Amino acid sequence: MLKMENVTKIYRTGMVETRALRDFTLQVEEGEFVTLTGPSGSGKTTFLNVSGLLDGFEQGKYWLDGLDVSRLSDREMSRIRNEKIGFIFQSFNLIPDLDVFDNVDVPLRYRGLKAKERKERIERAVGQVGLSSRLHHLPSQLSGGQQQRVAIARVLAGDPKLILADEPTGNLDSAMAREIMDILDQVNEAGTTIIMVTHNPEHAARAHRQLHIADGRMVDLERIAPFPLNRPQPVPARAAV
Amino acid sequence: MLLYNARLAWKSIRRNPMLSFLIVLGIALGVGVSTTFITAYHVLARDPVPGKSDSLYYVRMNSWGVADDPFLRTPPPLITYRDALELLKSRIPVRSTASFQSRANVFPEGGARPFSRDLRLTTADFFPMFAVPFRYGGPWSREADARPESVAVISSALNDRLFGGANSVGRTIRLENHPIRVVGVFAPWRPRVRAFSLVNSALDAPEEIFLPFALAGPMELLPHEFSMNWRTPLPGEDKLPYASQLMLNEVIFVGFWAELPQARQVVDYKHFVDAYVSEQKKLGRFPHPANNRVTSMLDLMEEMKVVPPQTKVLAAISLLFLVVAALNLIGLFLGKFLARAATVGVRRALGASRATIFVQHLVECELMGLAGGLLGVLLSLAGLAVLNRVYGDGPGGVAFFRLDLPMVLAAVGLALVAGAIAGVYPAWRICAIPPARHLKTQ
């Protein structure tokens, strides 16, 4: 699904160069659930931005779903983001003056779908996350957990092949967090590839594979459970250099 | 997507009503001022007789007297009565007309108090040449010109006053001591420019009474506008009947128009005028070298500066004002758009391209421009009302300066241009922001 080879991302501020990703190499199979951990400033967000085509990179190659996306135009990258990638953010990132229906509708509008199909997808996705009765509520009228479920519905409505989740449970209490993780498990079981950044070891352990990033480089921890067979059991992660 | 973007724009406008109002007001002021002055220019400069002005030609002959040195470069603006009668005999033009303004007292029926009115003496061809609209009846015939008959065409305002607005064709009015039969009543008619009198009070309203040209002598109607004379009458000429005096003197007071639809006719008619002047020179008239002019209506308007040059300058300045107003709004749009950079980042993450975001914000600018344009049209109505108060409404209450459909559409177009000027840069700035920069991640 995702393959990066020696990807390097450099931030330049005046005379100072910061290599957020250094010869970053990673391969994620289709349907895999991968978690990513690492200290602050290690490059986790940069990796998500690059893999989600929200930011470019200076060196290396990147294939997404078999397509070389290393040097695409803005229009092409936008189309791929819209059709193949779904984002879940720690702070939900719902559009505040759009209700639930319209928030979930946003990516579908950019895909050019007809109104009838959009409506069907929205109602199905919102139903999947259990918020059908809140279809015309504004984000300000929802709890944090509900807002995150709307964000997940926004992803599900587009039926992406890859979900990039950046600390999706970071702003939620443990009960809500577990609910969100359960939804992500179900989505993954249906075949969607998930790459999730998390600081929570319990959540990290629910993945097929746990990765660690440090100083812009990938450190691949031991596979937690066989992929694609069986769901992973929570076991302590062991670092492997 | 256009309707979707319009919906998003409406939400954005409602989110900041005061800021939105200020932007709309800024555009409205610019559009209002520019529409007012452009309309004034448009009214004055437009074709005064649509469909006819390119075939109507004004005749001038170099009949200045020997001593008239300061005027030698251009011929006099008017011709004499006798020259007009001679020119009317030519069969080259499709139509031709001579006219001048006079004044007479009107004596209403039933002993009501008399009042004076300007009137115009002209020929039957005047009415089709200048597209005069009729409410009742029509112009007199050429035969009525030749006899001449005591007939008149009057205005709707005068018809309302004398006959209560009824069809007065066949009724009689008294001008001085003369009974005059009404043959036609023209509809409320307030041309922007008195095309038939470009050299004299071109912006005034038309006269309310029209009489056959040849009635000048029998009714002893004197010219009431500009006139000049450079011939001293011989002893005893002042005792002659007025009609005879008109044929002898060199008083210029008549305007002459010929309808010449084809270029060949213009050439032929110029030759005719030149030949006529040559003949008159043998009689001792036209002492100066020939400088005869057969000038098209639009060229004459330009030559006489019927549209004051200041009007054009004001129109240009008002457009500059609109541009400056729009440029001043760039900052407001920039602040408005950059405040939602995070939302734009989310939309970009969800698949919106730079072009999509640019168009979304430009639609918002144009929607506000459109609102400013509509408000600006209302403001321009107020501006034109002020101008009309200065110039005065014409007879029948028809406003001199008024917005027509082309000007309303032009105002809307100006508003959209202003919206684009104000919004293109802010829309580009917001769409060019890298999507990752403003997304709220960990």
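# A hairpin, a sheet and packed helices

Q: How many residues lie between β4(A) and β5(A) in their hairpin, and which residue in the turn has a positive phi?
A: Two residues lie between β4(A) and β5(A) in the hairpin. In the turn, D65(A) has a positive phi of about 55°. Please keep in mind that this is a predicted model, in which local features need pLDDT of at least 70 and side-chain atom pairs count only at pLDDT 80 or more, while totals for chains, interfaces and linings use all residues. Residues are numbered from 1 along each chain as its sequence is written, with chains lettered from A and ligands numbered from 1 in the order in which they are written.

Q: How do you know that β4 (59-64) of chain A is joined to β5(A)?
A: Strands count as paired if DSSP finds at least two bridges between them. Two bridges join β4(A) to β5(A), and the strands run antiparallel. L64(A) has L67(A) in β5(A) as its bridge partner, and W63(A) stands opposite D68(A). The strands themselves are DSSP runs of E with at least two residues, helices are runs of H or I with at least four, and both are numbered from the N terminus.

Q: What joins β1(A) and β4(A)?
A: Five bridges do, in the antiparallel sense. E5(A), for instance, stands opposite K61(A) of β4(A).

Q: What is the strand order in the open sheet of chain A, and why do β2 and β5 of chain A stand at the edges?
A: The order is β2-β1-β4-β5, with antiparallel pairing. Each of β2 (16-28) and β5 (67-68) has a single partner strand, so one side of each has no neighbour in the sheet. Helix α1 (44-51) of chain A lies across β1 (2-13) and β2, running at about 65° to β2(A).

Q: Which elements give two or more residues to the side of chain A that touches chain B?
A: In total, 26 residues of chain A are in contact with 21 residues of chain B, where contact means that C-beta atoms, placed from the backbone, lie within 7 Å. The elements are α1, α2 (74-84) and α3 (100-111) of chain A. Of these, α2(A) gives the most, with six residues. By class, this side of chain A has seven nonpolar, nine polar and ten charged residues (nonpolar: Ala, Val, Leu, Ile, Met, Phe, Trp, Tyr, Cys and Pro; charged: Asp, Glu, Lys and Arg; polar: the others, Gly among them).

Q: Why do α5(A) and α6(A) count as roughly parallel?
A: The axes of α5 (144-158) and α6 (174-189) of chain A come within 10 Å and cross at roughly 10°. Such axes are lines fitted to C-alpha atoms, for helices over the stretch in contact, and angles run from 0 to 180 degrees between N-to-C directions. Angles under 35 degrees count as roughly parallel, over 145 as roughly antiparallel, 65 to 115 as roughly perpendicular and the rest as oblique. Therefore α5(A) and α6(A) are roughly parallel. Among the residues that meet are I152(A) and L156(A) in α5(A) and I180(A) and I183(A) in α6(A). The contact holds six nonpolar, three polar and one charged residue.

Q: What makes α11(B) oblique to α15(B)?
A: The axes of α11 (309-328) and α15 (405-432) of chain B come within 8 Å and cross at roughly 40°. That value makes the two helices oblique. Among the contacting residues are L322(B) and A326(B) of α11(B) and L414(B) and I421(B) of α15(B). This contact has nine nonpolar, no polar and no charged residues.

Q: Why is α2(B) called roughly antiparallel to α12(B)?
A: Helices α2 (17-45) and α12 (330-338) of chain B pack at about 150°, with axes 10 Å apart. That angle makes α2(B) roughly antiparallel to α12(B). L19(B), L22(B) and I23(B) of α2(B) meet L332(B), F333(B) and K336(B) of α12(B). By class, five residues of this contact are nonpolar, none is polar and one is charged.

Q: Into which domains is chain B divided?
A: Domain 1 covers 2-48 + 308-432 and domain 2 covers 62-291, with bounds from an automatic or database domain assignment. Their centres, taken over C-alpha atoms, are 48 Å apart. Nine residues of domain 1 are in contact with eleven of domain 2.

Notes. Contact = placed C-beta atoms within 7 Å.
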